[in-house]
Amino acid sequence: MFYFEDFNGTKIMKSDMLTEVTAYFTTRGEVSFPESKRIIHPTQTHSDHVEIVDERIDYPDTDGLILTNTEDTVYLKFADCTPLIFYDKENKIGAVSHAGWRGTAAKIGVKTINKMSANFGTKPENIVALIGAAISICCYEVSEEIRDTLLATVENPIGLYEGRNVDLKGINAQQLREIGVKNIDVCPYCTSCNNDLFYSYRKENGTKERHLAVFTRMRVGII
């Protein structure tokens, strides 16, 4: 279950499904990070490209980062798109991915876990997946072509669309279930309906402001 914590007058959102590492979603306002050696953010382009964090600083054309070390923090930016945080409890590695409609259509969440599996032996049943606040089915109307493209990524699309409105969070969750991920926490908040808490690209006519999904393997305080 998701819950809010106050920090320095702003709210961050966490899940009680993942407490042994530091994983959270920011809201509107000032952003706080854990103390770490490096705070790493890729250049997001709505791709399905996933990288493993190494000694590099720059990660161009990247919408998923896998973190294996205990010194760094990774984060990605969002304003309606679906934030995904993964943690492999067995191998103690994590990842953050950015799933807009293009990333969702390309199954970036599944590709992130597949890369964790190929490189580190991650098993889907050992993953905890957090799906943060995103634009919800109530507010996300798309073309019939995009709707059909998104629904074709899952075997069972029941309940994931209403007319031309689609459930991005639900589709991402279903994609994960279909590869064997069992521990999934889906945030109930809609970034458009709850625009007082989160940034919304649609509601705010193309705002450049973003909230974040943040992950570090350290279990540390927030600064």
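Modeller: What follows goes through those topics in turn.

Modeller: Keep in mind that this is a predicted model.

Colleague: What is the lining like by class?

Modeller: Eight of the lining residues are nonpolar, six are polar and six are charged.

Colleague: What sheet is E7 in?

Modeller: E7 belongs to an open sheet of six strands, ordered E1-E2-E3-E14-E7-E4, with mixed pairing. At the edges are strand E1 (2-7) and strand E4 (38-40), each of which pairs on one side only. From one strand to the next, the twist averages 25°.

Colleague: Do the two sides of E7 in turn. How many bridges join E4 to E7, and do they run parallel or antiparallel?

Modeller: E4 and E7 run parallel and are joined by three bridges. Arginine 38 stands opposite aspartate 72 of E7. On the E14 side, E7 pairs in the antiparallel sense over six bridges. There, lysine 77 has leucine 212 in E14 as its bridge partner.

Colleague: And E14, is that strand buried or exposed?

Modeller: Strand E14 spans residues 211-216, and six of the six are buried, so the strand is largely enclosed by the rest of the structure. Both of its faces are covered. His211, Ala213 and Phe215 are buried on one side, and Leu212, Val214 and Thr216 are buried on the other.

Colleague: What about the pairing of E14 with E3?

Modeller: Strand E3, residues 22-26, pairs with E14 in the antiparallel sense over four bridges. Threonine 22 has threonine 216 in E14 as its bridge partner.

Colleague: Now the sheet with E8 and E9. In what order do the strands come?

Modeller: The order is E5-E6-E9-E8-E10-E13, in an open sheet of six strands with mixed pairing. Strand E5 (50-52) and strand E13 (183-186) are the edge strands, each pairing on one side only. Here the twist averages 15° from one strand to the next.

Colleague: How do E8 and E9 pair?

Modeller: Strand E8, residues 82-88, and strand E9, residues 93-99, pair in the antiparallel sense over seven bridges. Tyrosine 87 has glycine 94 in E9 as its bridge partner.

Colleague: Change of topic. How many disulfides does a search of the whole structure find?

Modeller: The search finds zero. Cysteine 138 is in no disulfide, and its nearest cysteine sulfur, in cysteine 139, is 3.6 Å away.

Colleague: Is cysteine 193 buried or partly exposed?

Modeller: Cysteine 193 counts as partly exposed, with 48% relative accessibility.

Colleague: One more cysteine, then. Where is cysteine 187?

Modeller: Cysteine 187 sits in the loop between E13 and E14. This cysteine is buried, at 1% relative accessible area. Its C-alpha atom is 9.6 Å from that of lysine 14, although the two residues are 173 apart along the chain.

Technical notes:
Residues are numbered from 1 along each chain as its sequence is written. This is a predicted model: local features need pLDDT of at least 70, side-chain atom pairs count only at pLDDT 80 or more; totals for chains, interfaces and linings use all residues. Side-chain values use heavy atoms; hydrogens and water are left out. Ala, Val, Leu, Ile, Met, Phe, Trp, Tyr, Cys and Pro count as nonpolar, Asp, Glu, Lys and Arg as charged, and the others, Gly among them, as polar. Buried means under 20% relative accessible area, exposed over 50%, partly exposed in between (1.4 Å probe, protein chains only). Two strands pair if DSSP finds at least two bridges between them. Axes are lines fitted to C-alpha atoms, for helices over the stretch in contact, and angles run from 0 to 180 degrees between N-to-C directions. A disulfide is a pair of cysteine sulfur atoms within 2.5 Å.
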